[in-house]
Amino acid sequence: SLCSKPAPDIFIYAASQLGLSLECCAVFEDSHEALASVATAGAACTIGVAKNESELHRFGDMTVITKFD
């Protein structure tokens, strides 16, 4: 059984299902808490996804995007 977010378990599991370690993965996530957790767990790259410009403050100094264009 996997722990729910913000624990990094689901990200580690998803990487393993792809035959990868988390250290080889980029993670895009809209939850600051989950993103911080997965960064601590060793993800190669973490990117916050804010729904709009007003949410950017939630991510502090993390790399953040508002769209995938």
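Reply: Helices (H or I, at least four residues) and strands (E, at least two) are DSSP runs, numbered from the N terminus. Just after helix H2, Gly42 takes a positive phi of about 110 degrees. This is a predicted model, in which local features need pLDDT of at least 70 and side-chain atom pairs count only at pLDDT 80 or more, while totals for chains, interfaces and linings use all residues. Residues are numbered from 1 along each chain as its sequence is written, and side-chain values use heavy atoms, with hydrogens and water left out.

Me: What makes the buried residues of H2 line one face of the helix?

Reply: Buried means under 20% relative accessible area, exposed over 50%, and partly exposed in between (1.4 Å probe, protein chains only). In H2, residues 32–40, the buried residues are Ala34, Leu35, Ser37 and Val38. Seen down the axis of H2, these residues fall within an arc of 160 degrees, so they line one face. The arc is that of the directions from the helix axis to the C-beta atoms.

Me: Against which elements do the buried residues of H2 pack?

Reply: They pack against helix H1 (9–17), strand S1 (26–29) and strand S2 (45–49), where contact means heavy atoms within 4.5 Å.

Me: Why is S2 described as largely enclosed?

Reply: Four of the five residues of S2 are buried, so the rest of the structure largely encloses this strand.

Me: How do you know that S1 and S2 pair, and that S2 and S3 pair?

Reply: Two strands pair if DSSP finds at least two bridges between them. S1 and S2 run parallel and are joined by four bridges, so the pair meets that definition. Phe28, for example, has Ile47 in S2 as its bridge partner. S2 and strand S3 (residues 64–65) also run parallel, with two bridges between them, and Gly48 stands opposite Val64 in S3.

Me: Why is the unit of S1, H2 and S2 called right-handed?

Reply: A crossover is right-handed if, with the strands pointing away from the viewer, the path from the first strand over the helix to the second runs clockwise. S1, H2 and S2 make a right-handed β-α-β unit.

Me: How many salt bridges does a search of the whole structure find?

Reply: The search finds three. Another is formed by Lys51 and Asp30 (3.3 Å, N to O); Lys51 is exposed at 57% and Asp30 partly exposed at 35%. Glu55 and Arg58 also meet in a salt bridge (3.4 Å, N to O). Glu55 counts as buried at 18%, and Arg58 as partly exposed at 30%.

Conventions: Salt bridge = Lys/Arg side-chain N within 4 Å of Asp/Glu carboxyl O.
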